[in-house]
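Biologist: I have a structure to read and would like to go through it feature by feature. Where do we begin?

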Amino acid sequence: QVQLVESGGGLVQAGGSLRLSCAASGFTFSNNAIGWYRQAPGKQREWVASISPSEWTSYADSVKGRFTISRDNGKKTAYLQMNRLKPEDTAVYYCNAIFAGLWGQGTQVTVSS
């Protein structure tokens, strides 16, 4: 089955950490750039971070220095390590296999103040 499945979301206090996972199946993960996006209630989906097949990374200014994107091609999984979380990071987080055009179902992250 061709899919992406996110996991690792939850409720955390401000200043805490979470690690999101994005598990891929049914397509060539290693050839795909992976992006993480988020959508807060009442807002448009926004880009958070990306990692290329060669592990070049880029980040939105709002998360730079706090979030780290990584990938393990052997496990066909991408990760988003989120540190020093803020209430404004609250959103549903989605991963995207850019070249395959696939999206996961999302995982909820809630940061309490």
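Biologist: Take Y37. Is Y37 buried or exposed?

Modeller: This is a predicted model, so the values are computed from its atoms. Burial is judged by relative accessible area, with under 20% as the cut-off. Y37 has 19% relative accessibility and therefore counts as buried. The residue belongs to strand β4, which covers residues 34–39.

Biologist: Which residues does Y37 touch, not counting those up to four places away in sequence?

Modeller: Y37 touches R45, E46, W47, V48, V92, Y93, Y94, N96 and W103. Take N96 from that list. In sequence, Y37 and N96 are 59 residues apart, yet their C-alpha atoms are 7.7 Å apart in space.

Biologist: S50 next. Where does S50 lie, and is S50 buried or exposed?

Modeller: S50 is in strand β5, residues 46–51. Its relative accessible area is 14%, so S50 is buried. The side chain of S50 makes a polar contact, at 2.7 Å, with the side chain of W47.

Biologist: Leaving aside neighbours within four places in sequence, what is S50 in contact with?

Modeller: The contacts of S50 are I34, G35, W56, T57, S58, I69 and I98.

Biologist: Now the strands. How do the side chains along β11 alternate?

Modeller: Sort them by face. In strand β11, residues 107–112, the side chains of T107, V109 and V111 point to one face and are buried.

Biologist: In which sense does β11 pair with strand β2, and in which with strand β9?

Modeller: Pairing is read from the bridges between two strands. Strand β2, residues 10–13, pairs with β11 in the parallel sense over four bridges. In that pairing, Q13 stands opposite S112. Strand β9, residues 91–97, pairs with β11 in the antiparallel sense over three bridges. Here V92 stands opposite Q108.

Biologist: How many of the six residues of strand β8 are buried?

Modeller: Five of them, so β8, residues 77–82, is mostly covered by the under 20% cut-off. Strand β3, residues 18–25, runs antiparallel to β8, and six bridges join the two.

Biologist: Last, covalent links. How many disulfides does a search of the whole structure find?

Modeller: The search looks for pairs of cysteine sulfur atoms within 2.5 Å. It finds one disulfide. The bond joins C22 to C95, with an S to S distance of 2.1 Å.

Biologist: Which parts does the pair tie together?

Modeller: C22 lies in strand β3 and C95 in strand β9, so the pair ties together parts that are 73 residues apart in sequence. Both C22 and C95 are buried.

Biologist: What is the handedness of the link?

Modeller: Handedness is read from the angle about the S-S bond. For C22 and C95 the angle is 70°, and the link is right-handed.

Definitions and conventions: Residues numbered from 1 in each chain as written. Predicted model: local features only at pLDDT ≥ 70, side-chain atom pairs only at ≥ 80, totals over all residues. Heavy atoms only, no water. Buried < 20%, exposed > 50% of the residue type's maximum accessible area, 1.4 Å probe, protein only. Contact = heavy atoms within 4.5 Å. Polar contact = N/O pair within 3.5 Å; in protein donor to acceptor, adjacent residues only side chain to side chain.
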